[in-house]
Amino acid sequence: MLLSQNAFIVRPLNLFLMVCISLVFGISHDLPDYTNESCTFKISLRNFRSILSWELKNHSIVATRYTLLYTIMSKPEDWKIVKNCANTTRSFCDLTDEWRSTHEAYVTNLEGFSGNTTLSNCSRNFWLDIDMSFEPPEFEIVGFTNHINVIVKFPSIVEEELQFDLSLVIEEQSEGIVKKHKPTVKGNMSGNFTYIIDKLIPNTNYCVSVYFEHNDEQAVIKSPLKCTLLQPGQESESAESAKVGGIITVFLIALVLISTIVTLKWIGYICLRNSLPKVLRQSLAKGWSAVAIHRRDHNALQSETPELKQSFCLSFPSSWNYKRASLSPSD
């Protein structure tokens, strides 16, 4: 379905053609006088469903149920009752499965009842490509440090007949500045669509509206604004992933380092500052005394036993037999 480029010119021509078709086919549908009509009709594309809604002009009349009938102008057929809108208490009707062509003129008749009494009887003729208004799709926004993700929600399946030639507009507002984004939607509009508004200023409030572009600016229906404040503390998904990855890397490096130290200590390459056993200290003392006597001519050593350092880098077996340990100058 394509939007007409000259809706205000085409509509009078269609009215004239409708009269001619009625005369040719002998259809007795009179053109309604909309100014004197007791009902107000509106046909709109809501979530890619053709929805006809109505309202009684005289609010003192309260109908408890409605029945909607229609026929096609170019076909000499009797009135058809819309099954899901027979004796309905709602003031709207889904005609997606009934009205499938934009090249036809649909004539509707709405009957309002209260009990068994008919309170109102309204009629109206529709061309979908001219009279259809397009309600904005549902959407959500997710704000990060310097960008916003706009998630537009389309139905999973869209009827082929309802593939309108529509342009999606995402409007960004901040501090009185309005920017329009017109993303390219590949293929038909079905399933969720994500658009990223980037290069934004942190710690700034941004509002977003989504709607379909229309040739007639007054016919555009914009969605209510959804706003978010981009705070410096907020991080994008990639930044959060990088942070988690950094923590894991540091943990692995620390684990490898500790494992290496424990392994080196276990095999004896790393020693601690421990005092030698008493037996070894006595043996070493005797050895130093013997050496001192042997070198008395040099007077380099004193007769007293030198003080032993308490720090050695030796690795002793855990089953050391200190009784057998002896040290002599001959060794």
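Biologist: What relative accessibility does leucine 252 have?
Modeller: Bear in mind that this is a predicted model, where local features need pLDDT of at least 70 and side-chain atom pairs count only at pLDDT 80 or more, though totals for chains, interfaces and linings use all residues. Residues are numbered from 1 along each chain as its sequence is written, and side-chain values use heavy atoms, with hydrogens and water left out. With a 1.4 Å probe and protein chains only, buried is under 20% relative accessible area, exposed is over 50%, and partly exposed is in between. Leucine 252 counts as partly exposed because its relative accessibility is 47%.

Biologist: Where in the fold does leucine 252 sit?
Modeller: Helices (H or I, at least four residues) and strands (E, at least two) are DSSP runs, numbered from the N terminus. On that basis, the place of leucine 252 is residues 237-267, helix α3.

Biologist: How much accessible area does the nonpolar patch with Leu252 have together?
Modeller: Patch members have over 30% relative accessible area and no salt bridge; like charges are joined within 9 Å, nonpolar side chains (Val, Leu, Ile, Met, Phe, Trp, Tyr) within 5 Å. A salt bridge here is a Lys or Arg side-chain nitrogen within 4 Å of an Asp or Glu carboxyl oxygen. Areas are Shrake-Rupley values with a 1.4 Å probe, and for residues only the protein chains shown count as cover. Val244, Ile248, Phe251, Leu252 and Leu255 form this surface patch, and together they come to about 490 Å².

Biologist: On to the cysteines: what pattern do the disulfides follow?
Modeller: A disulfide is called when two cysteine sulfur atoms are within 2.5 Å, and the structure holds 3 of them. Counting bonded cysteines along the chain, the pattern is 1-4, 2-3, 5-6.

Biologist: How many residues apart in sequence are the parts tied together by cysteine 39 and cysteine 122?
Modeller: Their S to S distance is 1.7 Å, and both cysteine 39 and cysteine 122 are buried. Cysteine 39 lies in strand β1 (residues 39-45) and cysteine 122 in strand β7 (residues 117-126), so the separation of the parts they tie together is 83 residues.

Biologist: Which handedness does the link of cysteine 85 and cysteine 93 have?
Modeller: That disulfide has an S to S distance of 1.7 Å. Cysteine 85 is buried at 0% relative accessibility, and cysteine 93 is buried at 0% too. With 105 degrees about the S-S bond, the link of cysteine 85 and cysteine 93 is right-handed.

Biologist: What does cysteine 227 count as, buried or partly exposed?
Modeller: Cysteine 227 is joined to cysteine 207, with S to S 1.9 Å. Cysteine 207 is buried, at 11% relative accessibility. Cysteine 227 comes out at 44%, so it counts as partly exposed.
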